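Here are some notes to read alongside the model. Keep the viewer open as you go.

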Amino acid sequence: MAHQPHIPRFCSGSILRHVFIMSTTGALGLMAVFIVDLLNLFYISLLHNPALTAAIGFCGAVGFVQLAVCIGLSIATSAVCAKFLGAGRGDLARKLGSSFMVTVFILTSLIGMLTYFFATPILHLFGAYGHGFSEALLYIKTVSPFLPLIALGMALTGLLRAVGDAKNAMAVTILGALATALFDPILIFGFKLGLLGAALSTVLTRFVIFFAAILYLRPHNLLEKPSLKAWPEANKVMGHIAIPAILTNMATPIGGAYITHSMAKFGLEAVAGQAVIDRITPVAFAFIFALTGSVGPIISQNYGAGHMKRVRETLLCSLKLVGLCVAFMWLLLALLQNQIIILFSATGTTAAIIHLFCSWLIAGHFFIGMLFVANVVFNNLGYPLFSTLFNWSRATLGTIPFVWLFLHFGPKGVLYGQFLGAVPFGICAIWAAFHVIKTLEKKQRQSTRSFSSPHAASPFQDVPLATEDSAMAELNTPP
């Protein structure tokens with residue numbers, strides 16, 4: 001039976017409408033997940049044990065490192081397949097996506113098992129000791145072996161976004177959130193398992209997300225039996241984006257690890273306060289996270305079709321929506337900060353940290369949002385190493401010196417340093433994103449490349465990607 005051709009739906013119609021619909025549906029799904037994650041922390045806080053709340057913070061820091069790999073693999077899957085779909089090559093998108101799933105499974109299985117066996121030194125590196133350490137260790141060892149399930153679920157959801165199926169991509173994440181909302185209270189309170197119950201709930205939810213993603217992807221004919229012959233080429237093409245994207249996404253949790261380690265110097269209350277912020281932020285900025293994950297296919301499809309003006313318009317629309325989102329959430333959290341403190345039974349240092357974040361430092365997420373949007377442009381236009389450069393610069397030069405400088409102000413100083421360091425790198429990243437688009441527009445006027453060139457040695461070689469040297473050279477090209 002012949003496969004139906006895939007229509008690149010983002011290559012026509014209103015860009016603002018595409019960006020808004022993709023981001024809103026993505027945000028609803030992500031918000032459901034993050035609200036349940038926040039609810040998870042709320043359940044643990046009801047046990048009135050600061051060590052358990054701090055353990056959630058340590059587990060989150062380790063989990064962010066693992067998920068950084070999953071996100072990078074998902075970005076590569078979505079970007080490359082969307083590019084082929086935009087060029088009218090749905091057959092190659094299907095072959096690439098299916099073959100690359102083997103790599104996703106093998107790589108994340110290895111990472112999950114390594115985390116399991118080296119959980120103790122990893123948690124010590126994050127500053128975890130005592131009761132908080134023992135609880136976090138149990139959680140990490142329970143969850144880590146099941147990392148491939150969430151990795152495959154995210155990659156398959158990336159294929160849904162690549163083909164423009166925002167509704168079902170949202171449905172996958174909402175089903176995962178509902179599963180967590182169901183399992184958490186039963187296992188944490190019903191079976192009185194505490195943090196172990198939260199870990200088992202996470203494992204069960206990963207099964208739900210994996211099978212839901214497969215179910216919703218089946219009608220699109222984007223999956224087939226992985227091809228051993230195509231696997232090396234799939235890894236080569238996906239790797240051009242996946243490796244830099246993984247390195248890029250690793251920067252944030254590595255920087256976060258330094259933040260957690262710095263907070264640990266001021267006791268469990270400080271770590272608990274950081275844990276609350278880490279759970280509030282994804283809920284508050286689910287729209288921004290969804291936007292940066294959803295506009296990638298819009299950029300890729302239009303890039304694949306040669307519509308660079310629509311690529312530029314997508315970047316501008318994304319920035320405007322980021323600004324509106326930050327302004328709205330700043331006002332909302334400033335008004336609700338006392339209720340948030342009461343909700344999590346926060347006192348002392350924990351309450352002070354939440355007050356500072358909700359009153360002022362939340363505004364710094366505009367610059368973080370600028371960096372996220374720029375990363376989408378880099379990853380989907382063949383310049384993923386720029387994402388790596390800016391993210392690691394922010395995670396190191398934009399975090400360590402700033403946090404160290406303000407450390408003598410106590411745990412509040414850690415937050416000051418963290419958010420002030422994001423300002424210069426967000427601005428520079430957006431400037432570079434516009435410059436990349438301008439460079440590609442200039443190249444497009446000079447020559448038009450085709451995905452279906454009969455002279456190509458391999459069908460996968462027509463994906464427009466950039467090496468590190470050429471990318472740096474083109475960034476420095478005068479306007």
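The points below cover helix pairs first, then a pocket and a cavity.

1. Ground rules. This is a predicted model, so to speak of local features takes pLDDT of at least 70 and side-chain atom pairs count only at pLDDT 80 or more, while totals for chains, interfaces and linings use all residues. Residues are numbered from 1 along each chain as its sequence is written, and side-chain values use heavy atoms, with hydrogens and water left out.

2. Start with α2 (residues 50-86) and α5 (residues 130-143), whose axes come within 8 Å and cross at roughly 50°. (Helices are DSSP runs of H or I, at least four residues, numbered from the N terminus; axes are lines fitted to C-alpha atoms over the stretch in contact, with angles from 0 to 180 degrees between N-to-C directions.) That angle is why the two helices count as oblique to each other; under 35 degrees would be roughly parallel, over 145 roughly antiparallel, 65 to 115 roughly perpendicular, and the rest is oblique. α2 passes α5 in a right-handed crossing, meaning the near helix is turned clockwise from the far one by less than a right angle.

3. Who touches whom in that pair? On the α2 side you'll find Ala51, Leu52, Ala55, Phe58, Cys59 and Val62, and they meet His131, Gly132, Glu135, Ala136, Tyr139 and Ile140 of α5. Contact here means heavy atoms within 4.5 Å. Sorted by class, these residues are nine nonpolar, two polar and one charged. (Ala, Val, Leu, Ile, Met, Phe, Trp, Tyr, Cys and Pro count as nonpolar, Asp, Glu, Lys and Arg as charged, and the others, Gly among them, as polar.)

4. Next, look at α13 (residues 348-359) and α17 (residues 411-420): their axes come within 10 Å and cross at roughly 30°. That makes α13 roughly parallel to α17. The contact involves Thr349, Ala352, Ile353, Leu356 and Phe357 of α13, with Pro411, Lys412, Leu415, Tyr416 and Phe419 from α17. Eight of these are nonpolar, one is polar and one is charged.

5. How do α9 and α15 lie to each other? Their axes come within 8 Å and cross at roughly 10°, and the two are therefore roughly parallel. Among the α9 residues in this contact are His240, Pro244 and Ile254, while the α15 side includes Asn391, Trp392 and Arg394. The class count is ten nonpolar, seven polar and one charged.

6. Now the second largest pocket, which holds about 410 Å³ of space. (On a 1 Å grid over the protein atoms alone, a pocket is an open set with protein on both sides within 12 Å along at least five of seven lines, a cavity is a set of points where a 1.4 Å probe fits but cannot get out, and lining residues have an atom within 4 Å of a point; grid points are joined across faces, edges and corners, and a volume is the space filled by probe spheres set on the points.) Of its 20 lining residues, Val65, Ile122, Leu125, Phe126 and Ile254 are the closest to its centre. α9 gives the largest share of the lining, six residues. By class the lining has 15 nonpolar, five polar and no charged residues.

7. Finally, the second largest cavity has a volume of about 30 Å³. Gly57, Thr260, Met263, Val271, Gln274 and Asp278 line this cavity, and α10 (268-284) supplies the largest share, three residues.
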